[in-house]
Amino acid sequence: MKKISRFLFVLLSLCFSNLYSLEYNHGIAMHGDLKYSKNFKKFDYANENAFKGGKIKRFSIGTFDNLNPYILKGVAAWQAAYLFETLMKSSFDEPFSQYGLIAEGVKVPNDRSWVSFKIRKEAKFSNGSKITPEDVKFSFETIISKGHPIYKTYWGQVDTVKKIGENEVKFFFKGKPNPELPLIIGYQLPIFSKKYWEGKDFSKTTLTPPLGSGPYLISDFKAGRSITLKKNQNYWGKNLNVNVGRYNFDTIHYDYYRDETVALEAFKSGAYDFKQENSSKNWATSYKFDAVKKGKVKVEEIKYYRPSGMQGFAFNTRKSIFQNRNVRKALTYTFDFEWSNKNLFYGAYTRTKSFFDNSELSSQSPPSKDELAILNKYKGEIPEEIFTTIYKPPNTDEENGLRKNLRIARRILKKEGWVIKNDVLKHKETGETFKFEILLRSPLFERIVLPMKRNLNKLGIEVSIRTVQDDSQYIRRLEDFDYDMVVVNYGSIISPGNEQKNYWGSITADQQGSPNYMGVKNPVIDDIIDKLIASKSRKELVTYTKVLDRILLFNYYLIPQFHIGHYRVAYWNKITRPSVSPKYDLGFDFWWFDPEKAQNIGKINKPEHQEKNKKNKTIYYLFSILLLFILWKIKKKNS
C-alpha cells in the first residue's frame with residue numbers, strides 16, 4: 001500500500017512539475033512550429049524603412065450610425081476597429097500563427113485546456129491608463145453578455161476568466177478539446193477599458209468614439225458620410241516587432257458612397273487613392289482612363305495563396321420549398337456560368353467547385369482512405385455520391401448544354417412532385433406554386449441574376465428580384481433571415497476552425513445575426529465540425545476539412561458562383577507597397593505614402609517630356625530650313 005501511495009505521489013509530482021514548468025512563449029502556432037523565433041526583428045513582408053506620414057483617402061459603400069463594431073444594433077463603421085488592439089497579432093505568411101501584442105507572452109498546456117497571457121507593462125489605452133488583467137476579463141465578459149450574439153457561439157467553450165497575477169490573466173475552457181480556442185482568444189478579442197465603460201451601456205449604439213488602445217484615433221466623422229482616423233502619436237506599440245513597417249499613414253480618411261458606379265467615377269477623378277475591384281466588367285473596361293495611361297494610377301493583380309472562399313446563391317432552407325435537397329440540386333442546373341463568364345465577365349473567373357477552392361483543403365480529388373474511414377461512420381446519413389463522386393457543378397460547355405441541364409432539372413423536380421400546369425410549376429399534391437424572391441444588395445448583380453431568372457422561368461418557376469440599396473434595411477433582412485435566396489460570400493482561411501460552427505452549425509441556424517444564412521441544421525455536419533476543431537495535426541485538420549467540404553457540396557445548400565486567384569487593385573501612384581507580398585493577405589496596413597511620388601504625380605514623365613521636346617525642336621529646325629529655302633527660291637526668281 002505504501003509503495004502504491006509513493007508511486008501515486010511521484011506521478012502527481014511529475015504531473016504538477018510539468019504543469020508549473022510551462023514558460024511563456026513569444027507566440028503560438030495552431031499546428032507545428034512558429035516561423036519567427038523569439039526577439040525577431042520584423043515580419044518578412046514588412047519594410048522597416050517605409051515612410052511614416054502622409055494621408056490616404058479611401059472609400060466605403062453604404063452608411064453607418066454606430067462607432068461600436070461589436071454589437072448587433074445599428075450599422076457599424078467597421079473602421080472603428082482600428083481603435084482596439086488584441087492580445088496577439090497574426091502573421092500573414094503562416095497558415096495560423098500569432099505573436100505577442102498586448103500580451104508579451106502566451107502559455108498553454110499540451111491539451112490546450114486553458115491559456116494564460118502575460119500583459120506587457122507598457123501596454124496602455126490611448127488616455128495613458130495601463131491595460132490590466134481586469135480589463136481583459138471585463139472585455140471577454142462584456143462582449144459575451146452584451147456584444148453581437150455570434151460571440152456566444154464563437155467563444156462558448158470558455159468557462160471562466162481569472163486574474164492570476166499582477167500582469168497575468170487565464171482563460172479556462174470546457175467541453176470537447178478545441179486547440180484553436182487559445183488562438184482565437186488571442187487575436188480576435190478586442191480589449192476594452194473597464195473604467196471607461198462604467199456607467200455606459202455597451203449594447204447601445206454610440207457616436208462617441210470609444211476609448212481604445214490601437215494605433216489610430218477617430219479625429220472627425222459625419223455619420224453615414226465620412227470618417228477620419230488620425231495616428232495616435234503616443235501609441236504604445238509602435239516599436240514592437242509585429243508593428244515594424246505597419247500603420248505608416250498619419251491620416252486615413254474614408255468617404256461613404258451609396259453606389260459602386262458613383263464610387264468608381266470618384267476614384268477616377270482622384271477623390272480617393274485606393275480601390276480593390278470586385279467587378280470583372282469594371283476591371284476589363286473601366287481602368288483605361290487617362291491617369292492610368294500617364295502612370296498616375298497603377299493597376300495591378302496581386303496573387304494570393306489562401307483559399308478563395310465560396311460565393312454563391314444561398315437557399316434559405318428555413319423556407320419550405322428549399323427544404324428538399326433534390327429540389328435544391330435541380331435549381332443548380334439553372335445557373336449558366338459559362339455563358340456569364342464569356343458574355344459578362346470577360347473570361348476573368350473560374351467556376352468555384354469547393355468551399356475551400358485554390359488550396360489543399362479542397363475536396364476536388366477522390367476521397368482518401370482517411371476520409372473514407374470518417375465518411376463510412378455516417379453511411380446512410382449522408383448522400384451516397386460522396387463516396388464515389390467528385391463534386392462538379394453543372395456546365396454548358398457542350399452543344400445544347402443549357403437545354404440538357406434544364407431537362408435534367410425538370411426530371412428531378414417532377415420526381416419530387418413538382419409538375420408544370422399552364423406554364424406554372426406546382427406541387428401535384430399540395431397545389432403550392434413554386435415561386436421565390438432573390439434579394440440583392442447592388443444593382444450591379446442584376447445582370448448576373450436576370451439570365452438565371454429566365455432559365456428558372458423556363459421551368460415554370462416564378463422569380464422576383466429585390467434590390468435593397470438601403471444598407472441598414474438590407475443588413476436587417478439578413479439578420480432576421482428575411483429572404484428566400486440571397487448572394488453570400490464566405491471567406492475562407494488556410495486554417496479553418498471555430499468559424500465553421502458559425503457558418504453552418506445547428507446552434508447558429510436560428511440565432512439572429514448569425515452568418516448561417518442557409519439555415520443549415522445537420523447533426524453530421526455538427527459532428528464533423530467538432531472533430532475538425534479538435535484536430536491534433538495539420539494532416540488531421542486537412543482530412544476533416546475535406547470531409548466537411550464534400551458534405552456541404554453534396555447537400556446543395558447553395559449554387560456556387562465563381563472566383564479569382566488574385567487581388568485586383570488600382571491606386572494613385574503616390575502610395576507604395578512592400579516588395580514582398582504576404583502569402584495569405586493583401587497586407588494593406590504595411591503600404592505607405594511616398595512624398596516624392598506625390599510631388600511628381602501631376603508631372604509628365606521626365607524622359608518622355610524630354611523626348612517630346614527633342615522631337616519638337618527637330619521639326620522646328622526642319623520647318624525653318626524649308627521656309628528659308630522657299631524664300632530663297634522666291635527671291636532668286638524675282639531677281
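Strands β2 (55-61) and β11 (251-257) each supply at least two residues to the lining of the second largest cavity. Helices and strands here are DSSP runs, numbered from the N terminus: helices are H or I with at least four residues, and strands are E with at least two. This is a predicted model, in which local features need pLDDT of at least 70 and side-chain atom pairs count only at pLDDT 80 or more, while totals for chains, interfaces and linings use all residues. Residues are numbered from 1 along each chain as its sequence is written, and side-chain values use heavy atoms, with hydrogens and water left out.

Stay with the cavity. A cavity is a set of points, on a 1 Å grid over the protein atoms alone, where a 1.4 Å probe fits but cannot get out; lining residues have an atom within 4 Å of a point. A search of the whole structure finds four cavities of 30 Å³ or more. Eight lining residues are nonpolar, one is polar and two are charged. Nonpolar covers Ala, Val, Leu, Ile, Met, Phe, Trp, Tyr, Cys and Pro; charged covers Asp, Glu, Lys and Arg; the others, Gly among them, are polar.

Now follow β2 and β11 into their sheet. Four strands form an open sheet in the order β2-β11-β10-β9, with mixed pairing. Two strands pair if DSSP finds at least two bridges between them. The edges are β2 and β9 (216-222); each has a single partner strand, so one side of each has no neighbour in the sheet. Neighbouring strands are turned by 20 degrees against each other on average, direction ignored. The axes behind such angles are lines fitted to C-alpha atoms, and angles run from 0 to 180 degrees between N-to-C directions. Inside the sheet, β10 (residues 226-231) and β11 run antiparallel, joined by five bridges. Serine 226 has aspartate 255 in β11 as its bridge partner.

A further sheet has three strands. It is open, antiparallel, and ordered β12-β23-β13. Strands β12 (274-276) and β13 (297-303) are its edges, each pairing on one side only. Its twist averages 20 degrees from one strand to the next. Two bridge partners show where to look: isoleucine 302 meets tyrosine 567 of β23, and phenylalanine 274 meets tyrosine 571 of β23. Is β23 buried or exposed? Six of its seven residues are buried, so β23 is largely enclosed by the rest of the structure. Buried means under 20% relative accessible area, exposed over 50%, and partly exposed in between, with a 1.4 Å probe and protein chains only.

Next come the cores. A nonpolar core is a set of buried Ala, Val, Leu, Ile, Met, Phe, Trp, Tyr and Cys residues joined through side-chain atoms within 4.5 Å. The largest has 82 residues, and Phe117, Trp155 and Phe171 touch the most other members. Helix α2 (residues 133-146) gives this core its largest share, five residues. A second, separate core of 43 residues includes Tyr391 and Tyr556.

Finally, step back. The chain has 20 helices and 25 strands. Buried residues make up 53% of its 639 residues. Along its principal axes, the C-alpha trace spans about 140 × 75 × 50 Å.

Technical notes
On a 1 Å grid over the protein atoms alone, a cavity is a set of points where a 1.4 Å probe fits but cannot get out, and a pocket is an open set with protein on both sides within 12 Å along at least five of seven lines; lining residues have an atom within 4 Å of a point. Grid points are joined across faces, edges and corners, and a volume is the space filled by probe spheres set on the points.
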